[in-house]
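Let's take a friendly look at how this chain is put together. Here are the sequence and the structure to keep beside you as you read.

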Amino acid sequence: MFVTLAAVAGLLSAYIAPVSAQGGQVCNATSLCGSEAPCCSEYGFCGSGSFCLGGCNPLFSRSLTSCSPSPVCEPASHKFPDLTRVAMNASHYDGNATAFDWVLDKGDIMNTNSSGGELGMLLTETNGGTRISSTRYVHYGAISARIKTGRWGGVVTAFITMSDIKDEIDWEFPGADVTHGQSNLFWQGHIPDKTQGGTHNISSDSFANYHDYTIDWQPDTLTWSIDNNVVRTLKRSDTIDDQGISHYPNTPSRIQLR
Ligand SMILES: *[C@@H]1O[C@H](CO)[C@@H](O)[C@H](O)[C@H]1NC(C)=O
Ligand SMILES: *[C@@H]1O[C@H](CO)[C@@H](O)[C@H](O)[C@H]1NC(C)=O
Ligand SMILES: *[C@@H]1O[C@H](CO)[C@@H](O)[C@H](O)[C@H]1NC(C)=O
Ligand SMILES: *[C@@H]1O[C@H](CO)[C@@H](O)[C@H](O)[C@H]1NC(C)=O
Ligand SMILES: *[C@@H]1O[C@H](CO)[C@@H](O)[C@H](O)[C@H]1NC(C)=O
């Protein structure tokens, strides 16, 4: 999958605001959802409809099969000549991944260059930051994004994979430093004990210039690349704990940009 994006920002607030509460009952490992509202959203609230779509956590939902099946990724290259492939309101999206490639979870997007297919993701004083998620799930594969990052202190541009049980692989770009990118991974919401984040040189200012950032996620190895040069390799075997359990991302994941 290949994504072309540009991060554009207007005014900014200091930090991304917490997502506002949606729905009713809180769900977590000890309090699963009930039959009326069976699905636990990624924000930790029970509901139905869009709550059962992207981000629905099967472990905290009424049962392991309460969440809607995850649409599977297909090889694709996405540009944004217009916004017709983006579902602009996540709570209206009905789960039809043929109709939309992306869901706008929060914030504002716009075309910054239609002929170039460039998407601007806006960060304003009031919108608390923008995030889009793919409608389809990747379960191993190479994902590249052509990005210009933000350059404002306290604001992190990110291109990540995120599973419904919070396996996560990250490219992150703290705005105060436009010549480095950071690589990270999480297994079920935790940074594996035996791994730590990496910091990697970018050959030119990442705000002013497009670069291609890649996450190549395979069952036994994970590599991060910049402009097709591998800058970090991690093996699944590097994440095995003392009990022999590997803490390696291994569940289907959406692609997210923010
Ligand atoms: C889980 O949710 C229940 C019910 O809302 C709450 O009482 C409990 O504190 C939560 N547990 C955790 C670990 O957040
Ligand atoms: C999305 O739709 C919901 C439900 O109709 C509405 O309450 C909400 O304001 C909409 N969000 C945006 C950003 O338009
Ligand atoms: C899903 O969207 C496609 C494309 O818009 C449409 O042709 C199809 O009928 C939709 N499927 C359902 C079940 O709504
Ligand atoms: C818009 O995209 C086209 C095609 O990639 C490119 O030639 C042009 O320079 C871009 N315009 C701007 C203002 O970046
Ligand atoms: C990153 O850049 C710094 C400063 O230019 C340099 O010292 C270092 O060797 C570079 N690291 C790599 C892995 O190229």
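**The nonpolar cores**

The largest nonpolar core holds 28 residues, and I132, F159 and L222 have the most contacts inside it. A nonpolar core here is a set of buried Ala, Val, Leu, Ile, Met, Phe, Trp, Tyr and Cys residues joined through side-chain atoms within 4.5 Å; buried means under 20% relative accessible area with a 1.4 Å probe, protein chains only. This is a predicted model, where local features need pLDDT of at least 70 and side-chain atom pairs count only at pLDDT 80 or more, while totals for chains, interfaces and linings use all residues. Residues are numbered from 1 along each chain as its sequence is written, and side-chain values use heavy atoms, leaving out hydrogens and water.

- A second, separate core has six residues, including C39, F45, F51 and C67.
- In soluble globular proteins, nonpolar side chains tend to be buried together.

*The whole chain*
- The chain has 19 strands and zero helices, counted as DSSP runs (strands: E, at least two residues; helices: H or I, at least four).
- Of its 258 residues, 47% count as buried.
- Among contacts between residues at least 6 apart in sequence, 59% join residues at least 24 apart.

Technical notes: Chains lettered and ligands numbered in written order. Buried < 20%, exposed > 50% of the residue type's maximum accessible area, 1.4 Å probe, protein only. Contact = heavy atoms within 4.5 Å.
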